[in-house]
Amino acid sequence: MHRFANPTRFLKIAGYVQPWMAAVTLALFATGLYMAFFTAPPDYQQGESVRIMYVHVPAAWMGMFCYAAMAIASAVALIWKHPLADVAAKATAPVGAAFTFLALATGSLWGKPMWGTWWVWDARLTSMLILLFLYIGYMALQGAFDDRARGAKASAVLALVGAVNLPIIKFSVDWWNTLHQPASVIKMDGPSIHPDMLWPLLIMAVGFKTYYMWVLLVRIRQEITANKVRILRLKQVHGG
Amino acid sequence: MAMKRKHKRLTFVLVAMALVGAATGLVLFALGDGVSLFKSPTDLVTAPPSESQSIRLGGLVEEESLRRETGSATVRFRVTDLENAVEVVYDGLLPDLFREGQGIVTTGKMVAGTFVAEEVLAKHDENYMPPEAVDALKKSGQWQPDDAEGGNHAEGFTK
């Protein structure tokens, strides 16, 4: 791990990997969306509305995946003082927040025609809303200190504490009765979703993850460059 | 020395995480059924709520219980958890997924033994398949409404 701790070496590798990630993401999105809109069958109960699933479910998974990544990076930053972990956690937050919002918004659009309501305060929807608030709180806390290091430390602690929400989101539909359906894909007795619908769903989910890798590299490179500029400016001020 | 401080921080984070997890677990345990969205027909039968209390009732629309009153939008049906059933009366638009055997969640009040609904929401289950797959299952005699429709709808509604 510490081989990549050197920002210069990281920048070199990231510059090479980034265009590949972009290409893979675009290819997966094109394939996944084409299948979702044209080759995937309508559902026997929900008809064509089921196509919202191909964005809603991968977006919700991304929201949780990004939070887990952010929490792990925060732990590494707190414990091992790894310089890139801090930057990675910070770069992940807006991406996770955006996808959590997308999951909530598409869920709302799906809920109205199927359930008959835009929103209901059941355990799954509420815990997902809390996830969005955790992201927003993380970003706000990070910027609330004049000392950047203190802001990073405080927000890392918040990220770790907030991680207890992840199992609550996952198991909310099993622990309590909710309007939201139980899991269709990640469950003990295998997916209860037809393969023709499962494939586009999985392709979209992988596409979302490579999108995250792509954006993460862009954001980390940007952050490292911004840090370099800041250090140069400080040197200028103190030197002159 | 550096190693030691690293291990100290690791232990601290792990212990703190365990404590936060345990605290959250206790809170959720204490909240218990309060977090649940709705009550079952059995809950309403065993502990009848007062008439002024607004409650949510969840269950399956009992087969062959749906009656539409002529000349109005009022519908009557029974909501069951396969143990007990409650008579529901509702005046309004039903969601697309509403049908007999379907899981629903309804908000309203118990008035003289009948649940007067203000809102009816449909719950859909975790099964996704194309209509042709359902036709094929029906043709080959493998379609089990208990298993694929009613059964899984009943999940979370029955005890």
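Reader: What should I know about numbering and confidence before I start?

Author: Residues are numbered from 1 along each chain as its sequence is written, and chains are lettered from A and ligands numbered from 1 in the order in which they are written. Since the model is predicted, local features need pLDDT of at least 70 and side-chain atom pairs count only at pLDDT 80 or more, while totals for chains, interfaces and linings use all residues.

Reader: How many helices and strands are there in chain A?

Author: Helices (H or I, at least four residues) and strands (E, at least two) are DSSP runs, numbered from the N terminus. Chain A has seven helices and zero strands. Its C-alpha trace spans about 70 × 35 × 30 Å along the principal axes.

Reader: And which elements does chain B have?

Author: Chain B has four helices and six strands, in the order α-α-β-β-β-β-β-β-α-α along the sequence.

Reader: How do I describe two packed helices?

Author: By the angle between their axes and the distance between the axes. Here the axes are lines fitted to C-alpha atoms, for helices over the stretch in contact, and angles run from 0 to 180 degrees between N-to-C directions. Take α2 (residues 53-80) and α7 (residues 195-239) of chain A: they pack at about 40 degrees, with axes 9 Å apart.

Reader: What orientation do α2(A) and α7(A) have to each other?

Author: Under 35 degrees counts as roughly parallel, over 145 as roughly antiparallel, 65 to 115 as roughly perpendicular and the rest as oblique. α2(A) and α7(A) are therefore oblique. Their crossing is right-handed; that term applies if the near helix is turned clockwise from the far one by less than a right angle, and left-handed if anticlockwise.

Reader: Which residues meet there?

Author: Contact means C-beta atoms, placed from the backbone, within 7 Å. On α2(A) the residues include A:Trp61 and A:Phe65, and on α7(A) they include A:Met204 and A:Phe208. The contact has 14 nonpolar, no polar and one charged residue (Ala, Val, Leu, Ile, Met, Phe, Trp, Tyr, Cys and Pro are nonpolar; Asp, Glu, Lys and Arg charged; the others, Gly among them, polar).

Reader: What about α3 and α4 of chain A?

Author: α3 (residues 83-114) and α4 (residues 123-143) of chain A pack at about 150 degrees, with axes 9 Å apart. That makes α3(A) roughly antiparallel to α4(A), and their crossing is left-handed.

Reader: How should I read burial and the nonpolar core?

Author: In soluble globular proteins, nonpolar side chains tend to be buried together. A residue is buried if 20 or more other C-beta atoms lie within 10 Å of its own, exposed if 12 or fewer, and partly exposed in between, with C-beta atoms placed from the backbone. By that count, 40% of the 240 residues of chain A are buried, and 26% of the 159 residues in chain B. A nonpolar core is a set of buried Ala, Val, Leu, Ile, Met, Phe, Trp, Tyr and Cys residues joined through C-beta atoms within 7 Å. The largest one holds 85 residues, and among the members that touch the most others are A:Ala88 and B:Leu121. α2(A) brings the largest share, 18 residues.

Definitions and conventions
Two residues are in contact if their C-beta atoms, placed from the backbone, lie within 7 Å.
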